[in-house]
Amino acid sequence: MSTQAKVAVGGVAVGVILLWLLPFWAALLVMIGVPAVAYLTLDSSQRRRLRRVSRKQIGR
């Protein structure tokens, strides 16, 4: 299993646990908010690199 697959499985597991423990709106806020804040903490060169890598994977 690749590293990306492990991260995806872990993310799904955390999402299910959050939905079980928290009200829906709070779990949704955490699941959307954490990746958004993480993206916003990157500087502009890191964001450019991330977008470039994402486009290359889409065109595969």
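Biologist: What percentage of the 60 residues in the protein do buried residues make up?

Modeller: This is a predicted model, where local features need pLDDT of at least 70, side-chain atom pairs count only at pLDDT 80 or more, and totals for chains, interfaces and linings use all residues. Residues are numbered from 1 along each chain as its sequence is written, and side-chain values use heavy atoms, with hydrogens and water left out. Buried means under 20% relative accessible area, exposed over 50%, and partly exposed in between (1.4 Å probe, protein chains only). Of the 60 residues, the buried share is 7%.

Biologist: Which pattern does the protein follow along the sequence?

Modeller: Helices (H or I, at least four residues) and strands (E, at least two) are DSSP runs, numbered from the N terminus. The protein has 3 helices and 0 strands. Read in order, the pattern is α-α-α.

Biologist: Which element has the lowest mean pLDDT?

Modeller: pLDDT is the predictor's confidence in each residue, from 0 to 100. The protein averages 83, and 88% of the residues score at least 70. H2 has the highest mean among the elements, 86, while the lowest, 81, belongs to H3.

Biologist: Is Gly15 buried or exposed?

Modeller: Gly15 sits in helix H1. In space, its C-alpha is 6.7 Å from that of Met31, 16 residues away in sequence. The relative accessibility of Gly15 is 7%, so Gly15 counts as buried.

Biologist: Which helix supplies the largest share of the nonpolar patch?

Modeller: Patches are made of residues with over 30% relative accessible area and no salt bridge; nonpolar side chains (Val, Leu, Ile, Met, Phe, Trp, Tyr) are joined within 5 Å, like charges within 9 Å. A salt bridge is a side-chain nitrogen of Lys or Arg within 4 Å of a carboxyl oxygen of Asp or Glu. Ile17, Trp20, Leu21, Leu22, Val30 and Val34 form the nonpolar patch, with about 630 Å² of accessible area together. Helix H1 (3-21) and helix H2 (24-40) each supply at least two residues, but the largest share, 3 residues, comes from H1.

Biologist: What is the relative accessible area of Ile17?

Modeller: Ile17 lies in helix H1. The residue is one of those forming the nonpolar patch. Ile17 is partly exposed, at 47%.

Biologist: Where does Arg49 lie?

Modeller: Arg49 gathers with Arg48, Arg51 and Arg52 in a surface patch of positive charge. Arg49 is exposed, at 53% relative accessible area. Its element, spanning residues 44-58, is helix H3.

Note on methods. Areas by Shrake-Rupley, 256 points an atom, 1.4 Å probe, with all protein chains shown as cover. Lys, Arg positive; Asp, Glu negative; His and termini not counted. Charge placed at Lys NZ, Arg CZ, Asp CG, Glu CD.
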